[in-house]
Amino acid sequence: MVEQVLLNLSRNGIQAMDVVPDLSQRVLTLGARRTHERWVTFHVSDAGTGIAPDVAAKLFTPFFSTRGEGMGLGLSLCRTVIEQHGGALDFGPGPGKCGTEFRFTLPTPRQLAERVAPFSPAPPDTPRADSY
């Protein structure tokens, strides 16, 4: 179910950038980092126009949608899934005050928290695990 949350937030971010005319400016960023020995924070950031305050107030309300074809259940379900896993979901302006960033935090499994060192980014020239 957490994978579905990431998929939904990514799809929303991509759709939010439909209004950005320059395709090179349509950037969707996903990330995860260990923010505490017992917590991992995930984020999905887009380079869209952001969320208006009146929309932000209703964003997680079931059946509220800004899209004509939307059912208005996506973000409400995302929040429920994350909360059922012991986490929290929120949002705010994206990096550089551009677009929107959705963040959710989940607890790490106890055995992982005891074995894994806190997050530290790999040097830029280090091959990524998925590049082999």
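Are Phe-42 and Phe-104 buried or exposed? Both Phe-42 and Phe-104 are buried, where buried means under 20% relative accessible area, exposed over 50% and partly exposed in between, with a 1.4 Å probe and protein chains only.

## Basis of the model

This is a predicted model, in which local features need pLDDT of at least 70 and side-chain atom pairs count only at pLDDT 80 or more, while totals for chains, interfaces and linings use all residues. Residues are numbered from 1 along each chain as its sequence is written, and side-chain values use heavy atoms, with hydrogens and water left out.

## Aromatic pairs

The structure holds three aromatic pairs, a pair being rings of Phe, Tyr and Trp (its six-membered ring) with centres within 6.5 Å, counted as stacked with planes under 30 degrees apart, edge-to-face over 60 and tilted for the rest. Phe-42 and Phe-104 form a stacked pair, at 4.9 Å centre to centre and with 15° between the planes. This pair links distant parts of the chain, since Phe-42 lies in strand S2 and Phe-104 in strand S4, 62 residues apart. Ring pairs also link Phe-60, Phe-91 and Phe-102 into a cluster.

## Helix H1

Helix H1, residues 2–16, reaches 21 Å from its first C-alpha to its last, close to the 21 Å expected at 1.5 Å a residue; helices (H or I, at least four residues) and strands (E, at least two) are DSSP runs, numbered from the N terminus. The buried residues of H1 are Val-2, Val-5, Asn-8, Leu-9, Ser-10, Asn-12 and Gly-13.

Key. The expected span of a helix is 1.5 Å times one less than its number of residues.
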